[in-house]
Amino acid sequence: MAQPLVKKDDDRDDEADYSPFLGIEKGAVLQEARVFNDPQLDPRRCSQVITKLLYLLNQGETFTKVEATEVFFAVTKLFQSKDTGLRRMVYLMIKELSPSADEVIIVTSSLMKDMNSKTDMYRANAIRVLCRITDGTLLTQIERYLKQAIVDKNPVVASAALVSGVHILQTNPEIVKRWSNEVQEAVQSRAALVQFHALALLHQIRQNDRLAVSKLVTSLTRGTVRSPLAQCLLIRYTSQVIRESSQNSQTGDRPFYDYLEACLRHKAEMVIFEAARAITELSGVTSRELTPAITVLQLFLSSSKPVLRFAAVRTLNKVAMTHPLAVTNCNIDMESLISDQNRSIATLAITTLLKTGNESSVDRLMKQITNFMSDIADEFKIVVVEAIRSLCLKFPLKYRSLMNFLSNILREEGGFEYKKAIVDSIVILIRDIPDAKESGLFHLCEFIEDCEFTYLSTQILHFLGNEGPKTSDPSKYIRYIYNRVILENPTVRASAVSTLAKFGALVDALKPRIFVLLRRCLFDSDDEVRDRATLYLNTLGADGFVGETEKDVKEFLFDSLDVPLVNLQTSLQNYEPSEEPFDISSVPREVKTQPLAEKKATGKKPAGLGAPPSGPPSTVDAYEKLLSSISEFSSFGKLFKSSAPVELTEAETEYAVNVVKHIYDGHVVFQYNCTNTIPTQLLENVTVFVDSSEAEEFEEVVSKPLRTLPYDSPGQTFVAFGKPEGVPAVGKFSNVLKFIVKEVDSSGEADDDGVEDEYQLEDLEVVPADYMLKVGVANFRNAWESMGDDCERVDEYGLGVRESLAEAVSAVINILGMQPCEGTENVPNNSRSHNCLLSGVFIGNIRVLVRLAFGIDGRQVAMKLSVRSEDQSISDAIHDIVANG
Amino acid sequence: MNLHVIIQESFPTIKNILLLDSEGKRVAVKYYSDDWPTLDAKLSFEKSIFAKTMKTNARTEAEITMFDDYIVVYKFVQDLHFFVTGGSEENELILASVLQGFYDAIGLLLRNSVDKRTALENLDLILLCIDEIVDGGIILETDGSAIAGKVASNGIDGGASLSEQTISQALATAREHLARSLLK
């Protein structure tokens with residue numbers, strides 16, 4: 001055996017690029033395919049031509065429709081040959097060509113003949129080919145044969161039919177469902193793989209029937225399952241049953257746990273692993289339940305097979321997120337994996353160790369990681385950096401060695417994403433660990449001295465401007481910042497100028513020196529840099545300019561823009577140059593929230609359903625314009641907020657009405673948007689009669705009827721109420737639509753005589769959230785701290801049994817009607833606690849910030865609500881909203 | 001119809017089987033998933049997975065990596081690189097058993113001279129072999145000799161049963177005939 005092998009290696013040098021398909025060309029092969037039409041077929045030659053055709057397809061070559069049809073018809077001729085080898089290639093070729101429906105008919109009879117052949121290989125393959133290319137209509141014809149094939153004594157034929165059944169189930173479920181009895185029989189088959197395929201198909205057929213799946217699992221876990229693959233399936237289905245039953249079972253022993261635990265002692269590794277993984281993923285798994293699974297995974301860690309080590313360490317890594325203590329036993333095995341040849345395994349081992357490590361092991365661990373970092377890819381490095389960040393937050397005392405580590409890797413080579421992960425981590429450490437501030441800022445300064453990423457440089461400069469002036473020796477940062485003005489591109493230079501100005505504003509001692517530096521920037525080659533320098537010199541009061549008051553300067557430099565950028569842009573575009581300067585307070589603050597459905601649709605192609613319904617204008621600007629054009633409302637002052645439309649009728653009723661609530665300081669205006677959906681009617685003098693007996697603080701002041709409401713042309717009627725000034729009054733209103741109906745004949749003329757009629761609408765409520773504007777803040781933490789705790793109120797609430805943590809979080813956000821900040825409205829799956837940050841402006845232009853801390857135990861949710869605002873009574877009011885919600 | 005969306009997790013599915021040469025070029029590939037809809041998408045996946053794994057030593061034991069949210073198990077023999085890809089939640093050991101079956105079957109079919117040249121000379125056997133391992137993403141068979149047996153039985157004229165000839169004998173005739181004529 002060894003002899004010819006060596007020889008082969010010798011002559012390979014001469015023909016290194018040798019391939020039997022060298023110089024192959026599509027046109028020539030298609031010509032060759034004519035041999036398929038020869039009256040005297042040469043099976044061997046035909047096989048070779050098919051192989052060449054398949055080679056072309058495999059290399060990515062495509063056939064035109066005409067070419068494919070020609071080849072297909074030629075191939076069908078080959079069914080005449082009795083050569084089994086050729087027949088096998090014909091099957092393969094037909095599958096690759098995926099013929100069209102009218103072509104399929106040509107081969108159907110040949111394939112059906114093969115399905116009834118005595119040769120097992122013919123039967124098995126003909127079933128697979130026919131089921132792959134056929135459509136629903138033909139299925140009914142062959143259904144009988146397929147049912148027989150499922151219980152065929154030849155396992156290959158049975159498997160072919162069962163696997164085809166799984167495919168057909170996706171398109172023609174009703175047909176496959178009729179095979180249940182046969183499939184059930186096949187589940188009992190003695191052939192290992194038939195049982196596997198039958199089990200898969202049976203579960204697919206019954207997956208929506210919980211009871212049936214539960215019965216299947218119960219009977220099989222007691223019976224014999226022959227192949228490891230089938231055993232893996234059964235473990236998955238068992239977990240599914242456990243998942244679904246745990247929702248209504250009381251405490252006590254978990255059903256089927258014993259079965260999973262027994263599978264840990266199976267002889268096949270794939271079954272052991274499947275069972276171990278299933279146990280770790282049980283919801284609310286106890287440490288007693290976990291122990292045996294962890295033990296087998298630990299054994300896998302020292303296996304000689306990389307796949308086994310990988311599978312084990314990946315699973316343990318996931319367990320470490322929720323049950324770090326359960327994994328600590330594996331730490332010694334895990335540490336030896338840090339030097340694993342396979343870098344995926346090494347990275348998973350490190351991140352697991354970082355999650356489970358204790359304070360004393362940090363230093364040793366960091367040493368090991370340092371050696372390892374240089375030879376892994378960026379994507380792994382990012383994972384490690386993130387793990388180190390959370391470790392540091394867990395053990396703040398260890399910040400020194402962790403910060404050192406971060407600064408070291410920051411100096412090494414790396415791509416943008418990696419560097420960004422490091423910078424983000426340092427920034428978070430600086431923010432959360434006060435002791436780490438000075439050294440962290442210093443590392444960042446070092447980094448921007450030689451940073452190729454403009455984005456990171458500007459981010460760091462911005463951060464430096466906020467944090468640097470508050471350190472013990474702000475002057476030492478100036479050098480790094482001014483170097484940027486000299487050395488960098490315009491974007492970075494402009495950021496550096498802003499940062500200098502911030503130092504100048506906060507540190508009086510540095511002011512004169514900052515002025516010198518800023519004046520030099522006046523000669524910069526870039527407009528933006530010069531403009532900024534001029535602006536800051538003016539605002540800071542250099543050169544005897546009349547400076548702004550100190551408070552204004554600081555607000556200007558440090559507060560984030562409190563209007564949404566989109567709104568500012570629209571307002572600026574609408575502003576016409578005139579004597580009157582642009583007033584930033586005229587920019588609307590409401591963040592336009594898109595309906596959820598619409599948000600999901602973006603990114604995909606615009607679906608008909610996702611398109612916003614045409615109708616009355618819905619933006620704040622448009623509302624303001626509409627309302628100010630109505631004289632009765634002009635005395636109400638500035639519009640504070642307009643709600644989203646609330647439907648007052650069911651869909652597809654005669655008259656469709658929704659309402660928008662417009663909130664003013666001392667008034668509320670209901671705008672009823674009405675649509676008449678009856679072509680034969682014209683409505684006149686349309687009003688809404690509002691009964692406010694359940695809204696004591698409100699008093700109707702004016703009602704503005706709609707003169708006519710023709711078919712399918714929406715119109716508005718308004719009702720305005722007075723309410724106590726600045727008070728978030730709430731109440732319930734019942735509504736009746738009143739109008740005069742006139743019949744419209746086919747020519748479109750309305751009768752002269754109308755009939756008075758009325759139409760009951762649904763009730764409408766004014767709720768506290770109507771008095772809250774969704775206004776976000778860029779940096780919640782800064783805003784929270786600068787607000788101070790003068791008007792803070794903190795309290796705890798039990799929210800009772802909730803479906804999930806996420807549901808509880810979104811319910812509270814909705815009740816308050818505030819803007820979630822920093823993505824905290826998203827609750828990660830399976831978390832047991834969550835923090836949510838909200839911001840808003842309450843009526844009377846009072847800024848409100850809210851911190852919510854949620855915890856879930858079982859399904860009981862508790863919440864700590866901290867409110868800060870500029871007014872104690874508002875902080876109390878927010879608590880009242882939650883207490884009454 | 002996208003099999004993978006519907007039956008995700010409820011049963012093991014294979015996303016693709018790749019056999020590449022030592023430069024990352026295709027010898028034979030088969031995709032079972034719509035995750036790579038175009039030829040370009042497929043080629044770029046092959047290119048990245050090849051680049052990511054080429055420096056590793058996957059000659060004695062099958063190796064494994066996470067890549068773009070897929071699990072890829074792989075093994076190298078001579079100038080051939082075998083890959084099997086599954087979803088990120090797939091049982092790694094099941095994927096490894098498919099890879100092992102693929103690799104064992106090819107070894108039997110090529111009579112242990114597993115290299116690119118022999119593979120191309122017997123491309124029909126390779127393609128039939130892949131066809132017998134996975135059908136539309138569903139695992140058909142993972143035992144190497146069973147797979148090879150199914151493929152080899154086709155090479156014998158007149159449907160003679162395996163017991164009459166050994167697999168390797170049967171293959172020898174089939175293989176040599178094809179190789180010669182392709183060389184012409």
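1. Two residues are in contact here if their C-beta atoms, placed from the backbone, lie within 7 Å. On that basis, 57 residues of chain B are in contact with 55 residues of chain A. Helix α7 (residues 167-183) of chain B contributes the most to the side of chain B that touches chain A, with seven residues; helices (H or I, at least four residues) and strands (E, at least two) are DSSP runs, numbered from the N terminus. That side of chain B holds 30 nonpolar, 14 polar and 13 charged residues (Ala, Val, Leu, Ile, Met, Phe, Trp, Tyr, Cys and Pro count as nonpolar, Asp, Glu, Lys and Arg as charged, the others, Gly among them, as polar).

2. This is a predicted model: local features need pLDDT of at least 70, side-chain atom pairs count only at pLDDT 80 or more, and totals for chains, interfaces and linings use all residues. Residues are numbered from 1 along each chain as its sequence is written, while chains are lettered from A and ligands numbered from 1 in the order in which they are written.

3. Chain B has seven helices and seven strands, in the order α-β-β-α-β-β-β-α-α-α-β-β-α-α from the N terminus.

4. Among contacts in chain B between residues at least 6 apart in sequence, 51% join residues at least 24 apart.

5. In chain A, helix α17 (residues 287-301) and helix α18 (residues 306-322) pack at an angle of about 140°, with their axes 8 Å apart. α17(A) is therefore oblique to α18(A) (under 35 degrees is roughly parallel, over 145 roughly antiparallel, 65 to 115 roughly perpendicular, the rest oblique; axes are lines fitted to C-alpha atoms, for helices over the stretch in contact, and angles run from 0 to 180 degrees between N-to-C directions). The residues of this contact between α17(A) and α18(A) comprise eight nonpolar, one polar and one charged.
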